[in-house]
Amino acid sequence: SIIVSILSKYILSGKTSFSSLKSIILRWFSCLRCAEMEPFIHGLFVPLMRPHEIRLRHGTTVFSTQAINSAISEASHGTLIALMSQLREVHKAVPMHLRNSTDLILSVMFQIFMRACKRQDIQNDELLRLKILRSNSLRMIARIIPIVKFEGIERHWLDASECLINTVKGLENECSGSQEPAVLCLLSSITQRVDLIKLLENPTGHKLLEYVFAVLSSPKTSEPCRRTILSMITMLLNSVNSELGNDCTVANLSEKIAAGVRMSLINELKRGRIPTSKQFGEDMLSEIQILEQLSKFERCSPWNICMFKDVLEMACTKRLNSGKRTELLVMLHSILSALSLDEQLRRESVERLAFLYATLRAPCSRRALLDLFKALDYSQDGYRVRILHDLNAYLDGRIGEVDHGRRIRAYAKLQSRWGGEDETSMQLWIYNSLHDICSNDSILRNSAKLLIYRCLEAVSYTHLTLPTILLV
């Protein structure tokens, strides 16, 4: 005990010359029992309280909350900043020895945070220190969240709820930088524990989460912050109790979550990035997976027509490589499975995507396009979809090998019934023919040419509109 008391003076000294000695002493402290660390714990909190106000009883720190509140209200900003710096350093080096003092640290950090949120009669030169106090106190709380008891944080959480809401209001601006804001780190730490999610199942918690989800809508949100928020949503979805159904936090905020996630997805697409599950790993859902899970809540419509149109336009953008375009086509298929489009919009979508039959080369891309057209089909007999599948047939069991016979028969079938085609169908056949004109098979190439000639003949006595590339 005497040795710990003497060495603690070096640890708690503000002299930089002791930095190398500090690391050696802290490594030795990590080998001691928690009960032997009482002099060090006393010294750590000396700036706030006298030694007799902190006691270790059966290895657990016992303290007076009133004494803490009084000490923090009287301490200077510089003293509090220095205290938090030491706590952070010690917690990083010997976290196990502070485990029994988590209630004390939690109480001190929340009191410092609430004091820093009071800005009455504060000079401009002190505003920066207040910001440092708020940030460091929340980050320290986030550090000890994994080992804190629910009862230990519940009371402090309720007392600080108003300050937390005021802090999270400025989250959107803070999330534009590379470093995650302290309040976001705190909320993220809470969602990592299922039992602590109860802290968010109230009007205050809902308000905090609403501000967080709104950050996703901003195009300025940095990638680390975006991933943190998506991870929070993933944990909230994983914590949903099936018995609660539509009465849980996620259900109550499902529309807010969906709105933020939709905009996050659109912003990523506009940047040329297409989020997939492979990029996130098993512990985090992508935007698409989150929206798919939200669809199970009755009060939420995760997909909407506007988003379908936005993704459709992106899929039709000329400056896209084959892989990204294929992923967008798959995404459109997923969105379409949760929507009910009228015939007019289905027809417009088919006409907008038709040119891809002339440009897509990879078998996987063409299969994705065929699957999407099957979902968009508005005909009663499904004839157009069957012909498209025949025109793009591949041999079973042969990866990427064209079924020339089936394709040639499909062209022959079109030749035999030509004349009754509507404008949309004609455009589909022509675009597909433009693709097969480049085929190595002479019979398939000639079949495609013949169909184009038939189209030219039909246009000479009708008012149908041909693809621009064919007119050129």
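**View 1. One aromatic pair is counted in this predicted model.** Rings of Phe, Tyr and Trp (its six-membered ring) pair if their centres lie within 6.5 Å; planes under 30 degrees apart count as stacked, over 60 as edge-to-face and the rest as tilted. The pair consists of Tyr357 and Phe373, edge-to-face, with 5.0 Å centre to centre and 70 degrees between the planes. Tyr357 belongs to helix α20 (residues 356-359) and Phe373 to helix α21 (residues 363-376), so the pair links parts that are 16 residues apart in sequence. Helices (H or I, at least four residues) and strands (E, at least two) are DSSP runs, numbered from the N terminus. Tyr357 is buried at a relative accessible area of 0%, and Phe373 is buried at 3%. Buried means under 20% relative accessible area, exposed over 50%, partly exposed in between (1.4 Å probe, protein chains only).

Residues are numbered from 1 along each chain as its sequence is written, and side-chain values use heavy atoms, with hydrogens and water left out. As this is a predicted model, local features need pLDDT of at least 70 and side-chain atom pairs count only at pLDDT 80 or more, while totals for chains, interfaces and linings use all residues.

**View 2. Arginines at the ring of Tyr394.** The charged end of Arg367 sits over this ring, 4.9 Å from its centre. Arg407 lies over the face of Tyr394, also at 4.9 Å from the ring centre. A charge sits over a ring if NZ of Lys or CZ of Arg is within 6 Å of the ring centre and within 35 degrees of the ring normal.

**View 3. Helix α22 (residues 383-391) against helix α23 (residues 404-416).** Their axes come within 7 Å and cross at roughly 140 degrees, which makes α22 oblique to α23. Axes are lines fitted to C-alpha atoms, for helices over the stretch in contact, and angles run from 0 to 180 degrees between N-to-C directions. Angles under 35 degrees count as roughly parallel, over 145 as roughly antiparallel, 65 to 115 as roughly perpendicular and the rest as oblique. Residues in contact (heavy atoms within 4.5 Å) include Tyr383 and Ile387 of α22 and Arg407 and Tyr411 of α23.

**View 4. Helix α22 against helix α24 (residues 423-436).** The axes of α22 and α24 come within 11 Å and cross at roughly 5 degrees, so α22 is roughly parallel to α24. Arg384, Ile387, Leu388 and Leu391 in α22 meet residues of α24, among them Leu428 and Trp429.
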